[in-house]
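Work through the exercises below with the sequence and the structure side by side. Try each task before reading its solution.

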Amino acid sequence: MARLKAGVLISGRGSNLLTLLEACAATDFPVEIALVVSNRPEAGGLSHAQRFGVPAAVIPHRDFPDRESFDRAVSAALEAAGVELVCLAGFMRIFSSWFPARWANRILNIHPSLLPAFKGLHVQQQAIDAGARVSGATVHLVTDDLDGGPIVAQAAVPVHPDDTADTLAARILKAEHALYPLALRWFGERRVRLVPQPGKPDRVVIDGIAPSGAILWRP
Ligand code: GRF
């Protein structure tokens with residue numbers, strides 16, 4: 001089976017991008033990264049792409065009059081690179097509704113909480129403030145509903161009583177680095193299916209993986 005071509009969108013340091021690049025560097029990994037796109041020229045992650053010899057494009061959002069025209073430029077770059085699946089990895093732009101419609105069910109994101117708890121920004125502080133005992137990371141499909149698309153896989157970590165947002169973020173980030181390549185592999189293996197639920201959003205099923213196989217526990 002041909003390797004699935006992924007495009008990774010970043011805005012910053014790119015530690016998740018790095019773990020995806022490392023995973024895809026293995027010859028038996030079913031995904032290759034065809035393009036990295038950053039909306040910020042100073043994004044640290046761009047150097048990771050360069051080191052792995054993966055093409056990278058900088059498309060500054062400020063160069064565009066509105067969200068949709070930026071989204072269309074990003075989409076055109078992804079299409080030109082033959083991308084089949086888009087992975088958001090610390091991409092700090094909200095899409096217009098055009099982009100998730102164009103790439104429906106082909107956009108993945110990693111979010112540093114156990115969704116649907118703690119959406120949006122500063123989610124580690126949200127978890128601490130709520131007194132959550134457990135938090136973690138979620139890989140989900142991206143829809144028009146911010147941080148609300150179908151869940152693909154989750155990794156859980158404990159929240160310690162003395163945690164700060166930074167210590168919790170570091171623990172979650174380690175879990176993210178295990179989770180994202182795992183979920184990406186399932187897409188490359190074409191195991192990911194969407195199951196319609198009448199009157200409710202679609203649910204993700206991973207063929208050949210028990211539901212518990214899509215949960216990691218990282219104490
Ligand atoms: C990660 O915590 C990710 O979950 C969130 O943004 C952060 C990106 O970090 N969406 P990095 O750029 O991958 O290091």
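**Exercise 1.** Decide whether G149 counts as buried or exposed, and find which residues G149 touches beyond its sequence neighbours.

Solution. 
- Step 1. The model is a predicted one, and G149 has a relative accessibility of 8% in it.
- Step 2. Buried means under 20% relative accessible area. G149 therefore counts as buried.
- Step 3. On the chain, G149 sits in the loop between β6 (134-141) and β7 (151-158).
- Step 4. Not counting residues up to four places away in sequence, G149 touches H140, L141 and T143.

**Exercise 2.** Classify H48 as buried or exposed, then list what H48 touches.

Solution. 
- Step 1. Locate the residue: H48 belongs to helix α2 (residues 45-51).
- Step 2. The relative accessible area of H48 is 16%, so H48 is buried.
- Step 3. With residues up to four places away in sequence not counted, H48 touches R13, G14, L17, L18 and L21.

**Exercise 3.** Place A77 in the chain and name its contacts.

Solution. 
- Step 1. A77 is part of helix α3, which covers residues 67-80.
- Step 2. Setting aside neighbours within four places in sequence, A77 is in contact with L35 and I59.
- Step 3. A77 and V36 are 41 residues apart along the chain, and 9.7 Å separates their C-alpha atoms.

**Exercise 4.** Describe how helix α1 and helix α6 cross, and state which residues make the contact.

Solution. 
- Step 1. Take α1 as residues 15-25 and α6 as residues 165-188; their axes come within 9 Å and cross at roughly 40 degrees.
- Step 2. Because of this angle, α1 is oblique to α6.
- Step 3. The handedness of the crossing of α1 and α6 is right-handed.
- Step 4. From α1, the contact involves S15, N16, T19, L20, A23 and C24. From α6, it involves L173, E176, H177, Y180, P181 and L184.
- Step 5. Sorted by class, the contact of α1 with α6 has seven nonpolar, four polar and one charged residues.

**Exercise 5.** Compare the span of α6 with the expected value, and describe the residue just after α6.

Solution. 
- Step 1. α6 has 24 residues, and 34 Å is expected at 1.5 Å a residue.
- Step 2. From its first C-alpha to its last, α6 reaches 33 Å, which is close to that expected span.
- Step 3. Just after α6 comes R190, with a positive phi of about 55 degrees. R190 is a residue other than glycine.
- Step 4. R190 lies in the loop between α6 and β8 (192-197).
- Step 5. Its relative accessibility is 38%, so R190 counts as partly exposed.

**Exercise 6.** Which backbone features can be listed for P116 and F118?

Solution. 
- Step 1. L115 and P116 are joined by a cis peptide bond, with omega about 10 degrees.
- Step 2. P116 is located in the loop between β5 (107-111) and α5 (123-129).
- Step 3. F118 is found in the loop between β5 and α5.
- Step 4. F118 has a phi near 65 degrees, a positive value in a residue other than glycine.

Note on methods:
Residues are numbered from 1 along each chain as its sequence is written. This is a predicted model: local features need pLDDT of at least 70, side-chain atom pairs count only at pLDDT 80 or more; totals for chains, interfaces and linings use all residues. Side-chain values use heavy atoms; hydrogens and water are left out. Axes are lines fitted to C-alpha atoms, for helices over the stretch in contact, and angles run from 0 to 180 degrees between N-to-C directions. Helices (H or I, at least four residues) and strands (E, at least two) are DSSP runs, numbered from the N terminus. Angles under 35 degrees count as roughly parallel, over 145 as roughly antiparallel, 65 to 115 as roughly perpendicular and the rest as oblique. A crossing is left-handed if the near helix is turned anticlockwise from the far one by less than a right angle, and right-handed if clockwise. Contact means heavy atoms within 4.5 Å. Ala, Val, Leu, Ile, Met, Phe, Trp, Tyr, Cys and Pro count as nonpolar, Asp, Glu, Lys and Arg as charged, and the others, Gly among them, as polar. The expected span of a helix is 1.5 Å times one less than its number of residues. Buried means under 20% relative accessible area, exposed over 50%, partly exposed in between (1.4 Å probe, protein chains only).
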